[in-house]
Number of protein chains: 2
Amino acid sequence: MVLSKACTYGVLASLYVAKQSENKSYVSIRDMSNELRISFHFLTKILQKLTAEGILQSHKGPKGGILLAREARNITILDVVLAIDGDKVFTECVLGLPGCGSERPCPMHNHWITVREDLREMFSTKTLAATSDDIRELGLRLSIE
Amino acid sequence: MVLSKACTYGVLASLYVAKQSENKSYVSIRDMSNELRISFHFLTKILQKLTAEGILQSHKGPKGGILLAREARNITILDVVLAIDGDKVFTECVLGLPGCGSERPCPMHNHWITVREDLREMFSTKTLAATSDDIRELGLRLSIE
DNA sequence: CAAATAAAAGACTCTTTTATCTTAAATTAA
DNA sequence: TTAATTTAAGATAAAAGAGTCTTTTATTTG
C-alpha cells in the first residue's frame with residue numbers, strides 16, 4: 001500500500017469536509033465516521049493530527065466539529081498526505097537502501113525517481129476544492145458503499 | 001513503502017544471485033546474507049517462497065545453496081515482486097476503496113491508474129540479466145554499505 | 001450554574017510484518 | 001557409514017500499524 005490506512009482515511013475525511021463546507025457550520029466527526037464507514041475513535045486521532053498540522057480546525061462542545069483551516073483551493077491532497085505519512089514515499093529508495101541517491105544509486109534509482117515524482121505530482125495538482133467539485137459533478141465515491 | 005521489506009530483500013537477493021551466476025556453483029545463503037546485510041533466517045524464508053514460485057532452485061547439503069531456476073534474461077523484477085507481494089500494488093485503489101475501478105471510481109482513480117501502470121512497467125522492463133549487467137558496469141549498490 | 005454535547009487525550013487490544021531461534025531433513029565427502 | 005554442512009520448517013518474539021475503549025476537557029444551552 002502506497003499510503004497508510006490512516007492516511008487514506010485522512011484524505012477521504014478532508015474531501016468530505018471540503019464537500020460539506022458550503023454549510024458554514026462545523027462538520028460532526030460522528031456523522032462523518034458513519035457516512036465514510038470509518039471507526040470513530042480512529043478517525044478522531046487522524047483528524048487531531050490534521051488539526052495539529054494546521055489543515056483542519058476543531059471546536060469542542062455542542063455544535064462543535066471540524067472545518068478546513070484554510071480555503072479548500074489552498075489545500076492539496078499532498079498537504080494531507082505529508083501531514084499524516086510524511087514525505088517517506090516521495091524520498092525513499094524503492095529497494096529500501098538507506099542513502100540511495102544520484103551519488104550512490106540502487107539499480108532502480110533512475111527509473112524510480114521519475115515514478116516517485118509522478119506520484120507526488122498526482123497528489124500536488126489536486127486541491128480539495130477542485131477534487132470535491134469533481135466528486136459532486138461526476139458522482140465519485142468517498143466511502144466503501 | 002511501495003514494496004514490503006521481504007519483497008525488497010527478495011529483489012536484492014535475486015539480483016545478487018544473477019550477478020554470481022557466471023560461476024555455475026550454488027550461491028550460499030549464508031554468504032549472501034552476510035554480504036547483503038540481511039538477517040539469515042529471514043532471508044531464508046523469502047528465498048523459500050521464491051523457490052516455491054519457480055524463480056529459484058535450491059540444493060541442500062555441503063556446496064548447496066540457490067540458483068536461478070530460469071535464465072536471468074527470462075526473469076523480470078516484476079516476477080520477483082509478484083511472487084512475494086502479489087499484485088496488490090498494481091491493482092489496489094490508492095485511497096483503499098474496495099471495488100474502485102472505472103465503473104465506480106474514487107476521486108483519484110483516473111490519475112492513479114496511469115502512475116500504477118508506470119510502476120508496473122518499471123518493474124516489468126527490468127530483467128535480472130540486464131539489471132545485473134547495469135550493476136557491474138555502473139557499480140550500483142545492492143546493500144546498505 | 002448545571003446538564004448535555006462533542007472533541008482531546010491516553011490506555012489498551014488485536015493483527016500483521018519483521019526478525020530470531022531451534023530442530024529437522026537432505027546431501028556431501030571423508 | 002558417519003560427521004559436517006546447508007537448506008527447510010516451525011515455534012517464538014519483537015515492533016509497527018490498525019482499531020477500540022475510557023476518561024478528561026471545553027463549549028453550548030436551558
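**Exercise 1.** Find which element gives the most to the surface near DNA strand D.

*Solution.* Start with the model. It is predicted, so local features need pLDDT of at least 70 and side-chain atom pairs pLDDT 80 or more, while totals for chains, interfaces and linings use all residues. Residues are numbered from 1 along each chain, chains are lettered from A in the order written, and side-chain values use heavy atoms, without hydrogens and water.

Helices (H or I, at least four residues) and strands (E, at least two) are DSSP runs, numbered from the N terminus. Elements that each supply at least two residues include α1 (5-20) of chain A and β1 (56-59) of chain B. α3(B) gives the most, with four residues.

**Exercise 2.** State how many residues surround DNA strand D, and sort them by class.

*Solution.* Sugar and phosphate make up 61% of the DNA strand D atoms that come within 4 Å of the protein. Now sort. Ala, Val, Leu, Ile, Met, Phe, Trp, Tyr, Cys and Pro are nonpolar; Asp, Glu, Lys and Arg are charged; the others, Gly among them, are polar. The surface has six nonpolar, 13 polar and six charged residues.

Methods
A residue is near a molecule or strand if one of its heavy atoms lies within 4 Å of it.
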